[in-house]
Amino acid sequence: MFCFQCEQTAGCTGCTGNAGVCGKTAGNAKLQDELTGALIGLARACSGNPRTDKTDRLILEGLFTTVTNVNFNDDTLREMIARVNEEKVRVVPGCAGCPSRCGNIDNYDMSRLWKADEDIRSLKSLILFGIRGMAAYAYHAMVLGYTSARVNEFFYKALFVLAEDWRMEELLPLVMEVGEVNLECMELLDRANTETFGTPIPTEVPLTVEKGPFIVITGHDLYDLKLLLEQTEGKGIHVYTHGEMLPAHAYPELKKYPHLKGNFGTAWQNQQKEFANLPAPVLFTTNCLMPVKDSYSDRVFTTEVVSYPEMVHVGDEKDFTPVIEKALELGGFSEDTEFTGINGGRTVLTGFGHGTVLSVADKVIEAVKAGEIRHFFLVGGCDGARPGRNYYTDFVKMTPKDTVVLTLACGKYRFNDLDLGTIGGLPRLMDMGQCNDAYSAVKVAAALAEAFECSVNDLPLSMILSWYEQKAVCILLTLLHLGITNIKLGPTLPAFISRNVLDYLVNNYKIAPIGDPAKDLEEILG
Ligand code: FS2
Ligand code: SF4
């Protein structure tokens with residue numbers, strides 16, 4: 001196998017051999033490559049031939065399935081490959097029996113990409129991994145009834161090009177286009193979420209689990225949470241968010257359910273420890289799923305494109321009865337049980353999306369003008385297990401009192417229970433939401449730039465990002481598309497960035513790896 005798409009890749013170069021660091025087996029990896037090759041074939045078949053909503057959905061599902069920590073199940077991968085191949089035959093029925101095959105729409109052999117010249121491989125990887133991440137966002141919007149013709153069209157375009165012999169100078173603009181289209185995709189998902197569930201409002205979320213039966217729901221899919229809340233209403237079952245589901249507490253149409261009680265646990269990489277012997281089922285709506293341990297394997301449920309061998313999967317009919325029955329059977333804790341965040345905090349705050357922050361924009365601008373707020377930091381992104389991620393905790397702890405820390409995604413669990421105090425009536429630490437809520441950070445930055453009549457790069461704003469999987473790739477490309485410079489990225493740089501591509505990013509965007517938190521802070525505030 002060969003896979004180097006995520007931050008924890010073996011030796012910072014690539015997972016090879018029988019299994020990846022994430023637990024993906026060589027067989028899994030082969031099938032995921034085959035699925036990607038089939039998606040490329042389907043996209044090429046659709047060039048000049050009519051596709052349908054079903055084709056669009058398959059493309060999204062297929063790409064989302066290959067994101068890190070989503071699918072570990074050979075059976076569901078095979079079934080999806082078959083569906084993609086069937087769809088191709090439907091789109092171009094005459095091709096299968098063609099006597100003079102041109103090979104134009106053949107499923108692509110991914111080993112050609114992995115063995116390509118390292119700069120071409122690097123740029124094509126940025127495109128592929130970027131659209132995998134973007135597909136997850138487009139998928140969440142789609143289940144809420146929101147689609148974008150431009151976003152959908154781009155998946156086909158990008159997949160088509162992966163099988164073309166393009167040169168670096170032809171691929172680079174497409175890499176930047178991933179970032180441009182992902183901005184539109186994040187805007188689409190933001191609209192889908194806020195029009196469906198309301199504008200997030202700042203909300204304090206308890207970390208204590210009350211006695212009695214409960215269900216833990218993790219991942220990013222707010223629609224699944226809504227359905228679960230509806231189906232558990234009046235059944236004496238409490239619902240707790242986990243990981244990237246935490247920001248759900250701030251949406252009025254979700255927080256209105258009194259049995260949505262609080263948040264359990266921290267970021268994804270701690271799940272094997274946190275779920276061991278938990279007296280409750282856990283429902284995975286998206287990544288990040290880790291290989292399931294025996295100590296809780298009877299209580300893991302999956303839905304949507306998440307799949308793991310032998311775990312109960314809730315299909316499209318969305319009947320959560322097996323999860324509900326498991327919650328009642330396990331019964332939960334016999335007493336209210338207090339948990340804390342990583343730094344000992346008993347509650348966490350969320351709900352500082354663009355709607356809230358921009359509603360007090362005048363106050364923020366005044367505080368900057370009066371010198372009360374010296375600098376803004378966006379410290380966020382994906383978390384992971386690699387040592388060195390303590391950098392982000394240390395950095396946040398060291399930020400001076402006259403600075404604001406905006407955060408998002410699961411990387412925030414390293415510090416979101418810290419009390420950093422307030423500034424100008426606002427908390428100094430503000431959680432903007434999930435990784436896709438990077439859209440909020442972009443909106444706030446654009447509004448500040450407009451108010452101060454300068455570019456985003458001239459604002460007293462620094463971005464200190466952590467990355468792990470492919471959604472971070474599309475977000476990074478969006479920030480580069482917006483011309484944002486001086487981003488600090490860690491804990492390690494992507495293995496799929498070749499020396500020449502890195503030089504390009506450093507020369508044009510001054511992107512830099514994280515270093516020592518104190519020195520980085522000093523340099524920024526210098
Ligand atoms: Fe965190 Fe995992 Fe959000 Fe990433 S829960 S690393 O998928 O997308 O962040
Ligand atoms: Fe390795 Fe990451 Fe690929 Fe898993 S997703 S096989 S950890 S590079």
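Where does C382 lie? Before selecting that residue, keep in mind that the structure on your screen is a predicted model, and begin with the whole protein chain in view.

Shown as a cartoon, the protein chain has 18 helices and 16 strands, and its C-alpha trace spans about 75 × 60 × 40 Å along the principal axes. The radius of gyration is 23 Å, which agrees with the value near 24 Å that a compact globule of 526 residues would have. If you colour by burial, buried residues make up 51% of the 526 residues; and if you turn to contacts between residues at least 6 apart in sequence, 76% of them join residues at least 24 apart.

Now select C382, which lies in the loop between β9, residues 375–381, and α14, residues 390–398. C382 counts as buried because 27 other C-beta atoms lie within 10 Å. An unreviewed UniProt entry annotates C382 as "modified residue: Cysteine persulfide".

For the last stop, select helix α13, residues 361–369, where V368 is found. V368 has 20 C-beta neighbours inside 10 Å, and the cut-off for a buried residue is 20 or more, so V368 counts as buried. Finally, draw a distance from the C-alpha atom of V368 to that of G424: the two residues are 56 apart along the chain, and these atoms are separated by 9.6 Å.

Conventions:
Residues are numbered from 1 along each chain as its sequence is written. Chains are lettered from A and ligands numbered from 1 in the order in which they are written. This is a predicted model: local features need pLDDT of at least 70, side-chain atom pairs count only at pLDDT 80 or more; totals for chains, interfaces and linings use all residues. Helices (H or I, at least four residues) and strands (E, at least two) are DSSP runs, numbered from the N terminus. A residue is buried if 20 or more other C-beta atoms lie within 10 Å of its own, exposed if 12 or fewer, and partly exposed in between; C-beta atoms are placed from the backbone. UniProt positions are given in the numbering used here, feature names are shortened, and annotations may be inferred rather than shown by experiment. The radius of gyration is taken over C-alpha atoms; the globule rule is 2.2 Å times the number of residues to the power 0.38. Two residues are in contact if their C-beta atoms, placed from the backbone, lie within 7 Å.
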